[in-house]
Amino acid sequence: MMLKTFSTKILLPVGLLALLGACGGDDKKVVAPAPDSGAGTPVMTQAGGQVGVVDSAGGSGLTGAARSRYEEGWQAWLNGDLATAKKKFQEAQSLDPKSPAPPYSLGVVLERLGDVAGAQQSYRSAFSANPDHEISMCAYALSLAGAGHAGEADTFISDKRNKKPNSPRLAACNAEMKSIGKDHATAQQLAQDALRMDPDFKDAMVTIARDHYRARKLDLAKYALQAILDGFGDASPARDKDNAEARLIRGLIYREGGARAVALQDFEAAVKRRPDLVEALVNLGSMRLEAGNANDAMPVLESATRFAPNNALAHLNLGDCYRLLGRYADAKKEFDLALSRDSSLAAAHYDLGLMYLTAPTIPGNSPDSQVSTAIKELETYRTMRGPKPPPGVQDDIDDLIARAKAKQAELKQTPAGGAPPPAAGSGSAKPSGAPPAAKPATPPPAGKK
Amino acid sequence: MAAREDFVRVASSPSIPRAIEYRYYVAEQLFLYGHWDEAKPRFESLWREQCGVTAYGHQAWLRLVTMAAKERDADRALALSEAVDPKSGGKSCDAKGEAEYANPLRLEAGLEKARKKLAEAESSPTPAKSTPAWREAALAYERADNPADARAEAKLNAAYAWRKAGEGKKAALLYERVIAETEVGEDGKVSASTSAKEANAHAYDGLLALHHETFDYASLAATNARLARSPLATESRRREAAMQALLVDAGLGDRDAMVEMHGVHGSLHPSANERIAADYRVSVFEYDVWAAADHTARDQARTRATRSLVAFVRAHERETSALLVEASYRIAMLKRDAREPDANTWLRQTVQRRDNSAAGEARKAPHAEHAAEAALLLIDEEMAAFDSPTRHSYGGTPREILRKYRDNAKVAVALDERLEREVVRRYGSAAPEWVLAAVARQGALFDTLRTGLYNATKVTYFDAQGEAVVASLRKTNPDRAVELEDVAKDTWRSSKKKELEDADTIMVRRYATAAHEARRLDIHNNPVIARALGRLVYFTEILGDSAMERYVTSTPDPSTKGATKLAYTSSMYTSFLRVDPPATQPQTTNTLLP
């Protein structure tokens, strides 16, 4: 008898181990997908980076001048040059208005540039040009939901699903929207439906994992990610071992749990596969900064700001990176950009305050104005964060403000021309009249939950 | 054979009984000696001629069926079967004799065809495009299904092929049918045959795999729960299924289902290790609920979590599992959160349970980290008393100040040694985070000590007797009085400077060791180490770069076991200081099309 069931049982491990290999990489030249590539086939660079996916039409389908413009736009995108990419995709669209590929790609670029209305218009053009262009329908719905029009997005995608009830992409897309709306039960159901329609549909697998992560069902998220990335032995091999988004989610879970080495590997692998995956870039850069590696963090964070010029966290981290590298003018610019994108970012004020307090000199500032700015920024941070720092954050804000004020007092008592250095190495009390040192060190209790 | 062939040739009528017997004999000899190509046409003509006439017709048909089966020629076997079935338009030669073979033959032939379809589907070079092949295989197996097949090969493989074709619902229905048919036979009793048990096990494995494939964890838990109660499964398989169901139910947050499976698991004779693992998962469930609870539900959740974990520890009091370290640690954290007086008892238990575990898991991370943290917290209360500002508030004469300061220094040294003994050396590399936190805390002791002295500015340079002398001199010999006052001040400043330098040396060494090692080991977000970083930045301003450089570059580098010293660059600790930006949230990010 030849029985084709799993002879090996799949057992859920209590703890998950990740045996991952990852490294950075420079990807530029794109290997064109085969003409008959199925929907969802990754588009790779020669170095192994995934820079896109094939749509249901199996590529852009463009020819002649339109194709040339499109490919120029594509190259610009790969370099993170979104302005040129936008221009080239617009040209390609005008040369072949019937193709959905240029307006879809233009929509992606516009969305990254913060032109949400323009992006939605482009997505609409794409699925108007080709009513089977599901990727652009999904992008449109997600863009609506992201802009706060969840109801409209839901109506739109439900209507499309009614017309195409057997589309795994639309089902998975609907699942993602339900997940964003915190309707986790429906999200799971829809994603599973998508997998029943196409057991190999990667987006649905990732949606399931991401929804469990959002619902804080981390054990289930980890099981799902193990199924995608590692599999459960020979009985159930990895479903998509290099999936960038799955790597990103697993990296986030590891990072939260303090498993920093494996988190870093996952973020690196995600970025290698999807150089445009901004969240992975930001997390990778942020972790490198935490490890004191500002030099390696810089290109990653610069790439993040190129691919998502409107992402406040990318600018915040890049600003911090420049601060640590002593590039104070650049840092200031990035912090200002971060705050212009998200004025609720308290950490930007902290970083600005720290920079003004600790930098030897910041161009365009007198010592007095520098320390005044430090105090102002640090106090803004303290006001914004509330009476206590967020859980797990150690900001020493009271100490920093006290130090800034002490420095300000010192400056006021020093004749113009600069403050003398503190009583370096004297070991004795500060010069007469100097404010007292900070309060006696009273370290916090060691415990943390 | 040749003589019999001759006889057949010369016999005028083929109906002569001996001639038919000889024809069959010759065909039989060719069959027996493997000359099937020659045997087949002879048996074919005998079957056609003698079917329903003599017994040789049925015998010839049987030989033809045998050869088709041996050659795995399913089409031929099926054609022969149908040729003698009047329902299919055939002619029966020997109804009774054919019945014995026809049904199994049809079943086997159908299965054989289905197997070929399955093999074709499996060998498809483009898996993404193999769906039609899987579908054909599934349909072929469904056609070959026969209730007489106790092994349920057709149903199981049809289910497998439907799974591969993306028809999960069809696959699930077939697996469910096999489970239902094997667990309760036609007579309503549980089947005891080996075939039925094997089919049942395969159906469960297939169904569980299907749920895995579709990431359907609710169904996965439910199927495991059924398997845990299956009358056909072995006890070990049922126990394993109960544990799996328990784990998934816990992940789903389904407390009732988890507790129910815990009961089933416990009734299936688990080993001590299996039992403690199951008990711990159930007891820690309430801790997870507490950790995720908002402030309105927090107190109630904490009470439940504490009760659950304490019950776990009591139930396994005499065991040495690493899970007892975990449970004790979590109880201690819950009790500290509620400021309950016996929190330290549980901290001590955490340390002791780790110590009692002679080897193995409890001595490794994360258990060792939790024990190290507990050990540090146990000393922390005494250190908090030492840190009290009133203890380091100095006044009076230099002698009085220095006496009090040196008394405090002795306490600092004693606490420093205790931290070294009870945390740093005890846990070493097994618990790097909390060992470095302990090193940072050692630095904080000398920080408190030196800061108190640093702030001591209300100094009475002379005692009552000396003050009287100086007061007298101010009237009689003011220069001498000033001279004495200057000497007293210089002596005080010099003594203070020396004491501060001694304390600074130890303080900066400890802080720097913690900071540098934490960075090397990528340890982040520990509040004690973060505090040390802040103090290093502060002291860089207070003491100046050159003093910091002197202190840091005389500190042995733990990464080289002291063979080299730590490196220092100007204002380097400023770069260590940062506050974490908000966490990102994963979203679907649209990407481009080629």
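The S-S bond between Cys51(B) and Cys93(B) has a torsion of about -105°, so this disulfide is left-handed. Keep in mind that you're looking at a predicted model. There are 2 disulfides over all chains, and the other one joins Cys138(A) to Cys173(A).

**The disulfide in chain B**

- The sulfur atoms of Cys51(B) and Cys93(B) sit 2.1 Å apart.
- This pair ties together distant parts of the chain, 42 residues apart. Cys51(B) is in the loop between helix H3 (36–50) and helix H4 (55–70) of chain B, while Cys93(B) is in the loop between helix H5 (74–83) and helix H6 (95–122) of chain B.
- Are these two cysteines buried or exposed? Cys51(B) has a relative accessible area of 4%, so it counts as buried. Cys93(B) is buried too, at 17%, because the cut-off for buried is under 20%.

**The disulfide in chain A**

- From S to S, the bridge between Cys138(A) and Cys173(A) spans 2.3 Å.
- Here the torsion about the S-S bond is about 105°, so the disulfide of Cys138(A) and Cys173(A) is right-handed.
- Again, distant parts of the chain get linked: Cys138(A) belongs to helix H5 (residues 134–146) of chain A and Cys173(A) to helix H7 (residues 168–180) of chain A, 35 residues apart.
- Both Cys138(A) and Cys173(A) are buried.
- Another cysteine to look up is Cys321(A), which counts as buried because its relative accessibility is 0%.

**Aromatic rings**

- Count the aromatic pairs over all chains and you get 18.
- One of them is Tyr538(B) with Phe539(B): the ring centres are 5.0 Å apart and the planes meet at 70°, so the pair is edge-to-face.
- Tyr538(B) is buried, with a relative accessible area of 6%, and Phe539(B) is buried at 1% relative accessibility.
- Ring pairs also link Tyr24(B), Phe31(B), Trp36(B), Phe43(B) and Tyr56(B) into a cluster.

**Charges over rings**

- Lys170(B) lies over the face of Trp162(B), 4.3 Å from the ring centre.
- Arg330(B) does the like with Tyr287(B), lying over the ring's face at 4.7 Å from the centre.

**Nonpolar cores**

- In soluble globular proteins, nonpolar side chains tend to be buried together.
- In this model, the largest nonpolar core has 268 residues, and those with the most contacts inside it are Phe215(B), Val423(B), Tyr427(B) and Tyr573(B).
- Which helix gives the largest share of this core? That's helix H20 (residues 432–454) of chain B, with 13 residues.
- A second, separate core holds 27 residues, among them Tyr24(B), Trp61(B), Leu78(B) and Val84(B).
- Leaving out residues up to four places away in sequence, Tyr427(B) touches Val351(B), Arg354(B), Ala368(B), Ala371(B), Ala372(B), Ala375(B), Glu422(B) and Val435(B).

**A buried arginine**

- Arg403(A) is part of helix H19 (residues 397–412) of chain A, and it counts as buried because its relative accessibility is 6%.
- Which side chain does the side chain of Arg403(A) make a polar contact with? The partner is Glu541(B), at 3.0 Å.
- Not counting residues up to four places away in sequence, Arg403(A) touches Leu357(A) and Thr358(A), plus Gly534(B), Val537(B), Tyr538(B) and Glu541(B).
- Tyr538(B), from the edge-to-face pair, is thus a neighbour you can find from Arg403(A) as well.

Key: Residues are numbered from 1 along each chain as its sequence is written. Chains are lettered from A and ligands numbered from 1 in the order in which they are written. This is a predicted model: local features need pLDDT of at least 70, side-chain atom pairs count only at pLDDT 80 or more; totals for chains, interfaces and linings use all residues. Side-chain values use heavy atoms; hydrogens and water are left out. A disulfide is a pair of cysteine sulfur atoms within 2.5 Å. Helices (H or I, at least four residues) and strands (E, at least two) are DSSP runs, numbered from the N terminus. Buried means under 20% relative accessible area, exposed over 50%, partly exposed in between (1.4 Å probe, protein chains only). Rings of Phe, Tyr and Trp (its six-membered ring) pair if their centres lie within 6.5 Å; planes under 30 degrees apart count as stacked, over 60 as edge-to-face and the rest as tilted. A charge sits over a ring if NZ of Lys or CZ of Arg is within 6 Å of the ring centre and within 35 degrees of the ring normal. A nonpolar core is a set of buried Ala, Val, Leu, Ile, Met, Phe, Trp, Tyr and Cys residues joined through side-chain atoms within 4.5 Å. Contact means heavy atoms within 4.5 Å. A polar contact is a pair of N or O atoms within 3.5 Å; within protein, one must be able to donate a hydrogen and the other to accept it, and residues adjacent in sequence count only if both atoms are side-chain atoms.
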